[in-house]
Amino acid sequence: MTLWTAIVLACAATYLTKLAGYAAPARWLQNPRMARVAGAITVALLSALTVMNTFAAGTALVLDARLAALGVAALALWLRLPFLLVVVLGAAAAGLVRWLG
C-alpha cells in the first residue's frame with residue numbers, strides 16, 4: 001500500500017465517520033448520558049494526546065523540558081490564569097529548562 005493510498009483511505013474513513021454522526025437519531029444525541037459520554041471521551045482523548053506528546057520521543061520514554069512546561073501550565077491553569085498567559089508561561093518554562101541544559 002502506498003502512502004497516498006493510506007492517506008486517501010484515512011480521509012474516506014474520517015469523512016464517513018463524520019457523516020455517520022449526522023445520521024444518528026436525534027433522540028440518541030439528546031440523551032443526558034450521551035452528553036456525559038461525549039464530554040468524557042473528549043477529555044480522555046485530549047489527556048492521552050498531552051501525555052504522549054509530553055513523555056514520548058519515538059518509542060522511548062523521556063523526561064525533558066516538555067515536562068517542566070506541562071507542570072508550569074498545569075499550575076497556571078490551577079491558579080485560573082488566562083489561557084494566553086498559561087501558554088506563554090509553559091513556553092517560557094520549556095525555553096528556560098532547555099537554555100539551562
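Axes here are lines fitted to C-alpha atoms, for helices over the stretch in contact, and angles run from 0 to 180 degrees between N-to-C directions. Helices are DSSP runs of H or I with at least four residues, numbered from the N terminus. The model is predicted: local features need pLDDT of at least 70, side-chain atom pairs count only at pLDDT 80 or more, and totals for chains, interfaces and linings use all residues. Residues are numbered from 1 along each chain as its sequence is written, and side-chain values use heavy atoms, without hydrogens and water.

**Helix packing**
- Helix H3 (residues 32–55) packs on H4 at an angle of about 140 degrees, and their axes are 8 Å apart.
- Thr50, Asn53, Thr54 and Phe55 of H3 meet Arg66, Leu67 and Leu70 of H4 (contact: heavy atoms within 4.5 Å).

**Largest pocket**
- The largest pocket holds about 180 Å³ of space, as the volume filled by probe spheres set on grid points joined across faces, edges and corners.
- A pocket is an open set of points on a 1 Å grid over the protein atoms alone, where a 1.4 Å probe fits, with protein on both sides within 12 Å along at least five of seven lines; lining residues have an atom within 4 Å of a point.
- Its lining includes Thr50, Leu70, Phe83 and Gly90.
- H4 gives the most to this lining, with five residues.

**Domains**
- The domain assignment, automatic or from a database, gives domain 1 (31–62) and domain 2 (63–100).
- Their C-alpha centres lie 19 Å apart.

Notes. Helix = DSSP H or I, 4+ residues; strand = E, 2+ residues; numbered from the N terminus.
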